[in-house]
Structure formats: C-alpha cells, structure tokens
Amino acid sequence: MLKRPVLMGISAMIAASFTMPVLAQDESSVSPIEEIVVTASKRAQTLQEVPIAVSVVTSETLAKAQIRDIKDLQSVVPSLRVTQLQQTGNTNFVIRGFGNGANNAGIEPSVGVFVDGVYRSRSASALADLPNLERIEVLRGPQSTLFGKNASAGVISVITAKPDMDAFGGSASLTVGDFNQVIAKGDISGPLSDTVAFSLSGSTNKRDGYFTNLTNGSKLNEIDRFGLRGQLLFQPSDNLEFRFIADYDEIDEACCGVANLVNGPTGGAIQAIGGQILPESPFARAQYFDFQPTNKIENSGVSLQADYDFETMTLTSITSYRNQSRFENGDVDFTSARLIDPNSGDTNIDTFTQELRLTSSGQGAVDWMVGGFFFDEEVDVESVLTYGADFRNYADILTGGIPGNSVLNQIEGGIGVPQGTFFAEGQGRFEMFTQDNQAISIFGQVDIHMMDDRTTLTLGANYTDDEKDTSANMVVTDVFSDLDLEAVGGGFIFAGVFQQAIAGGADVPTATAIATATAAALAPVQCSAANPPPACNALLGLQPLQFMPQFLNFPNAVENGRSADDKITWTARLAFDATDSTNIYIGAATGFKATSWNLSRDSRPFAADLGAINNAGLGLNNLNAGTRLAGPEEATVYEIGLKTRWDRATLNVAIFDQSIKGFQSNLFLGTGFVLANAGKQSTTGFEWDATVAPIDSLRLSFAGTYLDAVYDSFPNASGVGGPVDLSGQDVAGVSKWSMNLSGIYSFEFGSSGSGFVRAEYVYDDNVPIVENVASSVASRKVSTFNASIGFEWENGFEAMLWGRNINNDNYLLSAFPSVAQAGSFSGYPNEPRTYGVTLTKRF
C-alpha cells in the first residue's frame, strides 16, 4: 500500500494546483503548450477534459525522439514497459505492472493494441515501423467497457493521419546510422476529386545486428523491415465519410541474442562434447550458436470505417480483416553444441472484426454511446522440436559416463534396443494446434452533465461472450522419454536379485518370489546419499532427462478443448471542473480477459482430470499433471485523478489501486513454460505528467510512476524445483519508481531557418527481473540518456542528428533458466548506444 507520507505529498500536490500561479504571459499570445485532442473514450475530447489516465505521444515527439515503433514508446511513457524475448514476435506489453501474451499463440495480450480503431490481436502484428502518425494514446488501467475482452490492463491506440482533402503534399526521408542502418520512408497525400482523397506511405528499415555469433562471426538482433500502407477517403456529402485502409508489412530478421549469466555444472558437459559457451559476460553481446536464427513475420489487412452524421448522433462502422503469418527457428540451447535442432514454429492467424456504434452529438445534458463488437479468429500452429547430433553425447556425460559409454548404453542393452537409440538426432516432437475463437461484446456509456456542466457522471457497461474451440495433435518420437523408468528399473532390480538368489542356492521359484518382492518394494524408491543403491531404483534419477514425454492429444473423451466465458464489466466516474483550468475525477472500473489456452508442447491435463483419463484408457507413460489453459482475468481499479492546464503549464496526476484476479502467468522453467492463474495480483501507485514552458522557446516535461506491485495470492506458483508460494511477494520485473525527464529548446537562425535541441533521461530503479531467477543473477536498473538536434528550413528541408542510449547504459530485458542446462541461467541484454542522421524533405 502507499505509505502515508507519499499520500500526504500527493494531496499537497493536488491542493497546490488550485493556487499555483500562472506564469506571466500576454493575454493575446498563444500558449506554447498545444492543446491535444484524444479519442480515448471513442469521442473527441481534449486531453485535459477526458477523465481517464491517458498518456499521449504526438507526432512531433515521435519524430524528434526517434521513436520508430511501439517498443520505443516506453522511453516517453513511464507506465509502459515493452520487452522483446527470444524472437522478434515474442514481445510483451506491460502497463502498470500488468501484461502478458508473448511466447504462445493461445495467449492474447492483456494490453490491447488498436491501430485506427482496428484491434491487433497479437503483439507481433503491432511491431512494424510506425506509419504517418497523428498521435499514440496509452490508456492506463482496465478499458474493457469500451474496448472489449482483452483490455484488462490497458490500451495502446495508434492514430494515423487521414488523407488530405485540400492539397497535395508528402515527405521523403533518409536515415543513416551506426551498425550500417539505413531507413528510407516516403508518403504522399492529396485529393483525387472534390470528394475523394488518397494517401500512400512506405518504409524500409535495415540495420546490422549488434549481437555477435562467435561461432561464425554473423550478427543477431538485426533489423530488416518493409511496409506499405494506402488509404482512400471518400466524403460524398457533408454527413457521410468512408475511410478505406490497406496495409502490408514484413519482418525478416535474425533475432534475438541470448547471453549466459551463470555457467552452471552443465557447462563442463557442453565443453566436453566440443561445444563452446561465452560464460557470464552478458554485455559483451556475444555468444556461441550453432546456427543463425530465423524470424519471418508478414502482416496484412484491410479495414473500412464508415461514419454517418445524423443531426443528433453519429453512426460508426469499422470492418476489418487481418492476417498474420510467422515462421521462426532458433538455437534454443544458446551454445555452439548441436543439442536442439530445429526448434521451429509456423503460425498463421486470420482475424475478422466488426464494430458498430452510435454516438450522441454532445449537444445536450446527456452524452451517450451504444455499440457492439464481433470478433472471429482462426489460429493454426505447426512446430517441430528435435534433438541435434550432439545431444546423445551430452546426455551420456550428464548420466555420469562418457560419450558412447554410459548408463544409457546399459539400459538400451537391457531392454533390447540398438545402441544409440536414446536421444538420437531427429527424435522429438511434431506438433499441430488449432484455435477457433468467436466473441461478441455489447457496450454502452452515458455522460450526465450536472451543475451548470461543471460536474459529469459517467456510467458504462459491457457484456462480453467469448468462446474458444481448440485442438492439439502431436507425434512424439523421443524413445527415452517414453520409458517407464520405475518399471525398467524394477526389471534391473529383479534381474540382479534373482541372480544373487540363484547364486546363493535358491531354486528358481524361490528366487523368482524373492526378486519379485524386492523389485516391487524398491522400484519406486528414489536414491539419495542416505539411501544409496542397491536399496533404491537408480534409474529414477534419470527422470529429469525425459524432456519430451508422450503427449495426450485433445479433444478426447475427457477433455473437450472448449471454453466459454461471459462477463459484464462496468465503469463509473465522477468528474468535477473545480476551476476553469482544473478537473478532478474519481472512478472505478472493471476489466476482463477471456480464457487463454496453452497452444504449446507444455500443455498438460489438469490433475483433476488424470483419474478420468486413466479410467478411459487414455493414460500414457510419464503423463504428468499441468494446465491446458488459464482461466479468465478479472481486473478492478479504483482511481482518483487531477488534470490541470494553465497558459504555460499542465499537470496530470492519477492515484490508483488496481488488481487482477486470476492473472495469467506464463513462466519458463528451463524445459518448458507453465501457464497458470495467479490468485490475485495488485498494484497500488500514482502517476504524474507535468509540462512547463517558462519561455516560448523552452518546454520541459517530467513524467513518472510509482508502483507497489505484489502477489496478494499465488500459493502454487511454478518454480524450477516445484511449486512455490509467491503470496505476499513483490511482482518481479516491476520497478517501484520509473521516470522520464525531457526538455526541448527551439530557436531560429538566419532568415528562414529554425531548429531544436531535445534531451531526455529515462530512469527505472533496480528490480529483480523474474520470479525464478535470483536478483543476484538478474536484476534491472535503467538510467538512459537520449538526445537529438534538428534544423528546418522554409523550403521543407530538415536535418536531424540523434542518439539513443548515448551513455551506453547496460541492463537486462529478461532472464530465464537455461534450456536443458540445470544450474545455468541466460538473459537478454538491452540495445547498446545507437546514433544517426535523418534528412527529410517535405512538399
């Protein structure tokens, strides 16, 4: 909870806003701080009017801060964090410490991304270089009332510029930077007739990687992207408008570099089979890999928005179809040894959405909005994970032998299979998953204006029904993982005891009886220092090497592969214009995220279903309990906020208590991900965003967030060694303090030139990164400087020199237990210093 002194300090800040003196300014002059219009509530309002915690990044800031895609947004929005993991498309958006959705096509994000009102259902569909933008709005806290099922943590709304109906214009730009970066962009817009206008834009972005594969000198973490976007705007009358958008983008990159953080006991085994690891040097940004990763993503879509303006209301329809195709293949053991080859995934997602809404014109005492949203999506995933040529030798060493001579050879001989059968190259898993998802939402919201329009009561509700049908069809060819080591070990115990009994003079029936009884007693007994062989089953110690057990496909006689969720979410706010420049609001809202299915090889039946599965004759060797899905998330936020605007300053503050019941956690444990619901995760905190212009040419901004994020209840969280209780612990990866300070100074030179200098400081205080990696191994603290200087001339020519992370700050994005390397840990280092020059011509 927030400490009392902190609350008192915030209260004092709010109180001071009523009496804060306005900096001197001539009444006839124009405020140097522009008024920003947003559509956070799906109707146009100024940023200061809308009683929602929202951060807005304008097109000017996007350009001058060199924000190239949504990942870069976090440098100017302290409440937003974006983490890219082992593949380009595995990117996670987090707002106020809440967010998930990476690493599994079945997990939709908790932060919804919308581009021109069209929902992007997976983060990989929102990573393209940003097109010709007007602004980006980041809505903090649950937004399910107006935005539907997957906005339980917040919304990122990207708004692009419409085609120009009045005159032709456009721009062309070229950026050259370090790591041989070349970015070329162009756009053109203008009228085709009195009622039709168009715009076309395109971009290409190429850059060498900054992470070195020491095996062959090739580079990872490169950039190779291309995008096209076209629009038609048709206004046949004053009250009717159609906006058609078509876009295509592709990503073809080698990503992402992984560094060794702790070289555990398995490191020696890697070296013994000829593999190499660069140990414990994360910011060398280099490692040995046995092949170059592949990340290919194609996104395409079309949308049509129609707006018809009646005298008292506006009807809006937004129809869209989108396709995402992804292919990825990576060296997931992150060594030069060929342990895993390949680990590939091929995903295709087709999404259709339709939104209809009717909005009042805002001319009466009551503003209202009603609407509906339909969502239909098909997901198909095909993936392959097989052992490489070196894994058998690696396993021989891990079992205490040498390559070609280990207990594995003895087991192969004992059960009558050829030598080298276990962990043979090419054995593994061949997987197919599908998901059909249909959802419908009905929503409405009213704003009731009272007390001479100084007080507004907002009430809203949303009903969402979400249904999913899923399937899994997997073929597993890993022979060793299919062994019942209790039964096989019991067989060896029987044989040894039988031979001893015969040697001691027992007859065959007596020896058989003794051996049978001994095997039955010792086969399930684990060995330990206090209970060594022969009084136990030594083969049970090999169970951790059974990485790929048989998989129970679904639907089956017990598991139908279906989920159906429905929920009513609501919003209630009271906003009061305390003065002409100060607005105070207090409110509460709920959010909802539907069931997420584990569409991966890590899916397992629930423990409650194992009995029925065995009774139905579906039992498999080594079939362990786990999760098939994580149930719905239900979010609640209580918030009080202050928004002020003076001639030369603005101040926005929000104090909140936000929680999510059933937070969908997806944690990697070294051999797979575990998808599970946390009992409850909550964040109490406050945010502020202040801007001041002491003189016309200088604008200073200071934004920050304090977050106290804890697991109120998470008693059976997955840990590397088994279940752990995280209840009462801080949520890893969520810094308590995050801040952004920036300043921009504008100036004129010569008779036709103007320019600016912009500097920015980004800070996150130290925090453990993930729950299952010790903070001594992996923690993160961010202290980064960005800067740019630019010049503009009246002829439309612009030049800008920019640098990001110019102080070369080093920190980790995430960390995890190394794959199939017990005791070792790996992590993702951040991007180092980058800089470049951008030349632009506007016409």
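Reader: What covers the buried residues of α5?

Author: The cover includes α4 (266-272), β22 (366-387) and α6. This is a predicted model, in which local features need pLDDT of at least 70, side-chain atom pairs count only at pLDDT 80 or more, and totals for chains, interfaces and linings use all residues. Residues are numbered from 1 along each chain as its sequence is written, and side-chain values use heavy atoms, with hydrogens and water left out. Element names come from DSSP runs, numbered from the N terminus: helices are H or I with at least four residues, strands E with at least two.

Reader: Which residues of α5 are buried?

Author: Buried means under 20% relative accessible area; exposed is over 50%, and partly exposed lies in between (1.4 Å probe, protein chains only). In α5 the buried residues are Phe-391, Arg-392, Tyr-394, Ala-395 and Asp-396.

Reader: At what angle do α5 and α6 pack?

Author: Axes are lines fitted to C-alpha atoms, for helices over the stretch in contact, and the angle runs from 0 to 180 degrees between N-to-C directions. Helix α5 spans residues 391-398 and helix α6 spans 407-415. They pack at about 105°, with their axes 8 Å apart. The pair is therefore roughly perpendicular, a label for angles of 65 to 115 degrees.

Reader: Which residues meet between α5 and α6?

Author: An α-helix has 3.6 residues a turn, so residues three or four places apart point the same way. From α5 come Arg-392, Ala-395 and Asp-396; from α6 come Leu-408, Asn-409 and Glu-412. Contact means heavy atoms within 4.5 Å. By class, this contact has two nonpolar, one polar and three charged residues. Nonpolar covers Ala, Val, Leu, Ile, Met, Phe, Trp, Tyr, Cys and Pro; charged covers Asp, Glu, Lys and Arg; the others, Gly among them, are polar. Just after α5, Gly-400 takes a positive phi of about 90°.

Reader: How many cavities of 30 Å³ or more are there?

Author: Rolling a probe the size of a water molecule over the atoms shows where empty space is left. Here a cavity is a set of points, on a 1 Å grid over the protein atoms alone, where a 1.4 Å probe fits but cannot get out; lining residues have an atom within 4 Å of a point. Points are joined across faces, edges and corners, and the volume is the space filled by probe spheres set on them. The count comes to 11. The largest cavity holds about 800 Å³. Its lining has 44 residues, and Ile-36, Val-56, Asp-689, Thr-691 and Ser-701 are the closest to its centre.

Reader: Which elements supply at least two residues of that lining, the one of the largest cavity?

Author: Among them are β3 (54-58), α2 (59-64), β29 (633-645) and β30 (649-661). The list also includes β33 (680-695), β34 (698-713), β37 (737-749) and β38 (753-768). The lining of the largest cavity divides into 18 nonpolar, 14 polar and 12 charged residues.

Reader: How much space lies in the second largest cavity?

Author: About 250 Å³. It is lined by 24 residues, with Pro-142, Gln-143, Thr-571, Arg-573 and Ala-589 closest to its centre. Two or more residues come from each of α3 (144-147), β25 (562-579), β26 (582-593) and β29. Strand β26 gives the most, five. By class, this lining has 12 nonpolar, eight polar and four charged residues.

Reader: Is Val-637 buried or exposed?

Author: Val-637 is buried, at 5% relative accessible area. This residue is found in β29. Beyond its neighbours within four places in sequence, Val-637 touches Arg-96, Pro-142, Gly-587, Ala-588, Ala-589, Phe-656, Asp-657 and Gln-658.

Reader: Where are the cis peptide bonds and positive phi values to check?

Author: Most residues other than glycine have a negative phi, and most peptide bonds are trans. The bond from Cys-255 to Cys-256 is cis, with omega near 10°. Cys-256 is in the loop between β16 (240-253) and β17 (259-262). Another cis bond joins Phe-554 and Pro-555, with omega about 5°. Pro-555 lies in the loop between α8 (508-522) and β25. Asn-622 has a positive phi near 60°, in the loop between α9 (607-615) and β28 (629-630). Ala-820 has a positive phi of about 55°. Its loop runs between β41 (812-817) and β42 (825-829). Ala-820 is buried, at 14% relative accessibility.

Technical notes: Parallel < 35°, antiparallel > 145°, perpendicular 65-115°, else oblique. 1 Å grid on protein atoms, 1.4 Å probe; cavity = no way out; pocket = protein on both sides within 12 Å on 5 of 7 lines; lining within 4 Å.
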